[in-house]
Amino acid sequence: MVDFNLFKLSFLLSLFSHGANMGIYPSSRHVADLFPPTCNRIECPTYDLIHTGNGFEIRRYNSAEWMSTSPIDDISFVEATRTGFLKLFEYIQGKNEYNQQIEMTAPVITQVQPSDGPFCTSAFVISFYVPKKNQANPPPAKGLHVQKWGTTYVAVRQFGGFVADTDVGQEASYLYKSLAGTVWSDAIDKSHAGENATLYTVAQYNSPFEFENRVNEIWLSFDPDKAFQTVSK
């Protein structure tokens, strides 16, 4: 069983790298308001759909805990996500203080703090949604920490294919442009005021073994209080 898990992991990680770098099924292919099929099979965080716009959704996620890596500095989203996912895979396989195996969930998210230049490293935090049965007491693990989310609002854009380094900034830009002129855009700008570059999150729902019906998302978070102040004007 151990040998099989190691084989499965090595093959999975190779697909993370190969599929993205080879540009298979370009991620610019837009996916319109598709409920990720993965969430019919494994647990995903719950949310309420607040608004549907032209090329975006506004969601309110319920309070939850995520197991996260420390920031990983890299010039490549693909490589940083691969590095972080390896740590999280070991965690759910039992490399934690309780020696407890944990069910896989979706999505795996990568929070991106962009660099100031094209050849500078960005900071990436990779996170795994903790299943409901483990939410009250997630097993601790060296090198990982719990992110406690309160009620969280995000603007979301979906896109398909295998995610490549060139996709993430472009898809985030598409989302930002689709929000232009809306109350949500104003709320996002106020929430991220003072940042050198706007932080965003990439959510990936599918195993690299899957090549059809792939769903990825860009999330732009915002402060709900600022959003409601904007909407009420």
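A polar contact is a pair of N or O atoms within 3.5 Å. The exercises below concern a predicted model.

**Exercise 1.** Determine which backbone nitrogens the side chain of S76 reaches, and at what distances.

*Solution.*
Step 1. Locate the residue: S76 is found in the loop between β4 (72–74) and α2.
Step 2. Inspect the backbone nitrogen of V78, which the side chain of S76 reaches at 3.3 Å.
Step 3. Inspect the backbone nitrogen of E79, which the side chain of S76 reaches at 3.0 Å.
Step 4. Apply the cut-off of 3.5 Å for a polar contact. The value for V78 is 3.3 Å, and that for E79 is 3.0 Å.

**Exercise 2.** Decide whether S76 is buried or exposed, and name its contacts beyond four places in sequence.

*Solution.*
Step 1. Buried means under 20% relative accessible area.
Step 2. The relative accessibility of S76 is 9%, so S76 counts as buried.
Step 3. When neighbours within four places in sequence are set aside, S76 is in contact with F124 and D165.

**Exercise 3.** Describe the two faces of helix α3 (residues 165–179) and what packs against its buried residues.

*Solution.*
Step 1. List the buried residues of α3: D167, V168, E171, A172, L175 and L179.
Step 2. These residues lie on the same side of α3 because they cover an arc of only 120° around the axis.
Step 3. Turn to the face directed away from the buried side of α3, where the exposed residues T166 and K177 are carried.
Step 4. Identify the packing partners of the buried residues of α3; among them are β2 (57–61), α2 (77–92) and β8 (152–159).
Step 5. Continue past the helix: G181 follows α3 and has a positive phi, near 85°.

Technical notes
Residues are numbered from 1 along each chain as its sequence is written. This is a predicted model: local features need pLDDT of at least 70, side-chain atom pairs count only at pLDDT 80 or more; totals for chains, interfaces and linings use all residues. Side-chain values use heavy atoms; hydrogens and water are left out. Buried means under 20% relative accessible area, exposed over 50%, partly exposed in between (1.4 Å probe, protein chains only). Helices (H or I, at least four residues) and strands (E, at least two) are DSSP runs, numbered from the N terminus. The arc is that of the directions from the helix axis to the C-beta atoms. Contact means heavy atoms within 4.5 Å. A polar contact is a pair of N or O atoms within 3.5 Å; within protein, one must be able to donate a hydrogen and the other to accept it, and residues adjacent in sequence count only if both atoms are side-chain atoms.
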